[in-house]
Amino acid sequence: MKLKDYVILTGCSLFMGWAIVESHPSNIDPLAVSTIALPKDTIPKDTQISVKGLNALFIGDSHSANHFKGWQKVLSDSVGFKMDNASVGGKTTYWMLDIALYKINDKVDYVFVYGGANDMYSSHIQPIHAVENIKGIARMAIKRGAKCIILTGFDPYKCTRTENKAYPSRYAKFQQLLLSEYMEGATVVDIRGVVSRLDCWDNLCHMNPNGHRKIAEKIIKDLDFKKI
């Protein structure tokens, strides 16, 4: 091989080697923003659930019957629900099961249930029977294609000051069952640690506006709802 050809061949080999090394990912300038590609799993995604414009039915007793400033109103205004509040003060889960039969239809997207306080204040309704009534509501909702959300209620030991000594323990048992039983595909939101005694207006913890706001925020957080 002639010296000239040898020099040319050697030069080409060195150039190709340099080009390969420089093109390796490890040699890319980290400050060159135009050349950086984020891994797919680090690209931020909007995972929050938009429920704006969906129909939400609320079934409960006096703890959900504040139609102007209640937790269900705060929740609906925050995420864009079309609210239908069927809650009535003093009602038990037996009444709630009956009203669910009339109110749940194919147009309802979400059914929220917050009941059991009146059942547990009475000595005639066992905790398991109240839970079975709420399961019945959940079955109706799921069958109609709606999502059912069940609230446990406040901590009866911390939040109530009633002369009914059996009430706190009965209510706590009811809540334990809600959290441990299979609730027919419904989601149970535990709000026992959300409301404090300072959020209660009376001895049975009918909440002030701050308490209602806390409940709404807890639901939004746990269900990952998107605010409007």
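This is a predicted model: local features need pLDDT of at least 70, side-chain atom pairs count only at pLDDT 80 or more; totals for chains, interfaces and linings use all residues.
The side chain of Gln72 comes to 3.4 Å from the backbone oxygen of Ser64. When residues up to four places away in sequence are not counted, Gln72 touches Phe58, Ser64, Asn66, His67, Met83 and Asn85.

The largest nonpolar core holds 54 residues. Those that touch the most other members are Trp71, Leu75, Val111, Phe112, Ile219 and Phe225. Among the contributing elements, helix 5 (residues 127-143) gives the most to this core, with 6 residues. For Leu75, with neighbours within four places in sequence left aside, contacts are found with Phe58, Phe81, Phe112, Ala216, Ile219, Ile220 and Phe225.

Helix 8 covers residues 209-223, 15 residues in total. From its first C-alpha to its last, helix 8 reaches 21 Å, close to the 21 Å expected at 1.5 Å a residue. Its buried residues are Gly211, His212, Ile215, Ala216, Ile219, Ile220 and Leu223. An α-helix has 3.6 residues a turn, so residues three or four places apart point the same way. The buried residues of helix 8 pack against helix 2, strand 3 (110-114), strand 4 (147-151) and strand 5 (187-189).

Most residues other than glycine have a negative phi. Asp224, which follows helix 8, has a positive phi, near 60°. Glu184 is not a glycine, yet its phi is positive, at about 60°. The position of Glu184 is in the loop between helix 7 (167-180) and strand 5. With a relative accessible area of 23%, Glu184 is partly exposed. Cys205 likewise has a positive phi of about 60° without being a glycine. This cysteine, Cys205, is found in the loop between strand 5 and helix 8. Cys205 has 0% relative accessibility and so counts as buried, whereas Glu184 is partly exposed.

Notes:
Residues are numbered from 1 along each chain as its sequence is written. Side-chain values use heavy atoms; hydrogens and water are left out. A nonpolar core is a set of buried Ala, Val, Leu, Ile, Met, Phe, Trp, Tyr and Cys residues joined through side-chain atoms within 4.5 Å. Buried means under 20% relative accessible area, exposed over 50%, partly exposed in between (1.4 Å probe, protein chains only). Helices (H or I, at least four residues) and strands (E, at least two) are DSSP runs, numbered from the N terminus. Contact means heavy atoms within 4.5 Å. A polar contact is a pair of N or O atoms within 3.5 Å; within protein, one must be able to donate a hydrogen and the other to accept it, and residues adjacent in sequence count only if both atoms are side-chain atoms. The expected span of a helix is 1.5 Å times one less than its number of residues.
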